Amino acid sequence: IKNIYIIIGIVVIVALAVVLQGVSSIRSKDKPVVKISAEFVGKVPPKGIFTRGMFHVSGTTQDGLVVRIKNFTVSSQRADANGASCTVDVSSQGYTSTVVVPITRQEESSANIGYGDKDNVKVTFYKNGDLEFSGSGAVKNLGSSLPWAGLKYTHVYIDDTIDLTDIDNWFKGNKNLVYCSPLPKTVKTMRSAFKDDTALVETPEYFQCKNLKFMNDAFSGCTALESADTLPVNLKSASGTFANCSTLTKVADMSKTSNLTDISNIYSGCSGLRETGNIPETVTNMSGAFQNCLNISSASMFPKAVKDISSAYSGCAMLASGMPIPESATDISNCYAGCSNLAGTLEINTDTPNFSGCLTNACTMGDTLLVSGNSGNLLEIVQNSGSDGVSLADAEAAAAQNARMVAEQGTNED
């Protein structure tokens, strides 16, 4: 009899457990809804772990009743490491609500840099590596006294409500910077702004800066840079902009520019570059533009009104074909110097006296480069090349051009 009671007791306990589990399941099951809405009600630090209690999720039933949703999933387990906020997707019953999550960062230092009312614009450095420019209005001229100089920031965020015009040298030499948010549309000059920032992988967006005129050396020495934004429409000078960006394989799109004149040294030392792109017809200075770009194989057409192409392709060892040198060029010295793989034909159509070293040590791999054109200096250019592979396509025509040039010079002197 005792054993029977024990068995009966076990059966009752098991049955009760099943019933309670069923009741619990019924209670925990959310009512069917036709849409959901979620909001963040907690507090989370950079890289902090999300908990269910940080989100308030509600749903609307078919009858329009708003009910609390307890069963939901979140697209990310942690908050982002950087930035003032991040977005996550909260999902339940096949519906999704996107939530903006504010990130609670710990401030380490700050400075007010507004022009007129200094409190209008503030720069704040946070312990997670964020450097944030917030507020609205103009920024005072800081000169070389940058409050963030020497700080080890990794991410830069700039509010687009700030009237910022000059960021020359602002972030220069920061070996830790990996990201910068889009620049305010008001920026006019960014000379050396990110120069030698060796951890930067992509440029910030700047195409929207319609008043941006000068990008001289802006990203020079950014050896990790892999991609660049389209150059803005009113840019005038891109001298040295991407010089020595050895990881860069593609040129920035220059097709939208309308006033660009100076691209001297723009890609000088970009040893990873594989292409040269199209050069705008407005460009007049290409001095050193692709100097020592070791892996480009073909040159771009020179603009019809270009003036200075000295060292434009100097040291481009893989360059196999060159482009005709136009009559407008006033300095062609060292233009194709050291282009050891250069071969085929090359036209030179300018009488400029500044031709020293134009083809020095070009075509030294056993091929032939035939030089022709309307220049009166063809014979001397070929003779000074120091390469057995460089020769005149037509010696008589070259002599005739030289005679023509000498006669014109004599007439001009008279």
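Me: Lys122 first: what is its relative accessible area, and is it buried, exposed or partly exposed?

Reply: Keep in mind that this is a predicted model. Lys122 has a relative accessible area of 29%, so it is partly exposed.

Me: Which residue does Lys122 form a salt bridge with?

Reply: Its partner is Glu107, and the closest N and O atoms are 3.9 Å apart. That falls inside the 4 Å cut-off for a salt bridge. Lys122 sits in strand β8 (residues 121-126) and Glu107 in strand β7, so the pair links distant parts of the chain, 15 residues apart.

Me: And Glu107, buried or exposed or in between?

Reply: Partly exposed, at 40% relative accessibility.

Me: How many salt bridges are there by this rule?

Reply: The count comes to 7. One of them joins the side chains of Arg105 and Asp130, at 3.0 Å from N to O.

Me: Where do Arg105 and Asp130 lie, and what does the pair tie together?

Reply: Arg105 is in the loop between β6 (95-102) and β7 (107-112), while Asp130 is in strand β9 (residues 130-135). The pair therefore ties together parts that are 25 residues apart in sequence.

Me: Are those two buried or exposed?

Reply: Arg105 and Asp130 are both buried. They also belong to a network of salt bridges that links Arg105, Asp130 and Glu132.

Me: What about Glu408 and Arg404, what do their side chains do?

Reply: The side chains of Glu408 and Arg404 meet in a salt bridge, 3.0 Å from N to O. Both residues are in helix α3 (residues 395-413), and because they are 4 residues apart there, about one helical turn separates them. Glu408 is partly exposed at 38% relative accessibility, and Arg404 is partly exposed at 24%.

Me: Back to the strands. In what order do the 5 strands of the open sheet run?

Reply: The order is β7-β8-β9-β11-β13, and the pairing is mixed. β7 and β13 (179-180) stand at the edges with a single partner strand each, so one side of each has no neighbour in the sheet.

Me: How do β7 and β8 pair?

Reply: They pair in the antiparallel sense, over 5 bridges. As an example of a bridge, Ser109 has Phe125 in β8 as its partner.

Me: Next, Asn216. Where is it, and what does its side chain contact?

Reply: Asn216 lies in the loop between β13 and β14 (344-347). Its side chain makes a polar contact of 3.0 Å with the side chain of Ser237.

Me: Is Asn216 buried or exposed?

Reply: It counts as buried, at 19% relative accessibility. The cut-off for buried is under 20%. Leaving aside neighbours within four places in sequence, Asn216 is in contact with Met190, Arg191, Ser192, Ser237, Ser239 and Thr241.

Me: Backbone now. What is phi of Gln93 near?

Reply: Phi of Gln93 is near 55°, a positive value in a residue other than glycine. Most residues other than glycine have a negative phi. Gln93 is in the loop between β5 (85-92) and β6, and is partly exposed at 37% relative accessibility.

Me: And phi of Asn265?

Reply: Phi of Asn265 is near 60°, again a positive value in a residue other than glycine. Asn265 is found in the loop between β13 and β14 and is partly exposed at 29% relative accessibility.

Me: Which residues does Phe40 touch?

Reply: Not counting residues up to four places away in sequence, Phe40 touches Phe50, Met54, Phe55, Val99, Val100, Val101 and Pro102. Phe40 lies in strand β1 (residues 35-40) and is buried, at 13% relative accessibility.

Me: How far is Phe40 from Thr165 in space?

Reply: They are 36 Å apart, C-alpha to C-alpha, and 125 residues apart in sequence.

Me: Last topic, cysteines. How many disulfides are there?

Reply: The count comes to 0. Cys222 is in no disulfide, and the nearest cysteine sulfur, that of Cys245, is 5.2 Å away. The cut-off for a disulfide is 2.5 Å between the sulfur atoms.

Me: What about Cys293?

Reply: Cys293 is in no disulfide either; the nearest cysteine sulfur belongs to Cys316, 5.3 Å away. Cys293 is buried, with a relative accessible area of 0%. Cys222 counts as buried at 0% relative accessibility.

Conventions:
Residues numbered from 1 in each chain as written. Predicted model: local features only at pLDDT ≥ 70, side-chain atom pairs only at ≥ 80, totals over all residues. Heavy atoms only, no water. Helix = DSSP H or I, 4+ residues; strand = E, 2+ residues; numbered from the N terminus. Buried < 20%, exposed > 50% of the residue type's maximum accessible area, 1.4 Å probe, protein only. Pairing = 2+ DSSP bridges. Polar contact = N/O pair within 3.5 Å; in protein donor to acceptor, adjacent residues only side chain to side chain. Contact = heavy atoms within 4.5 Å.
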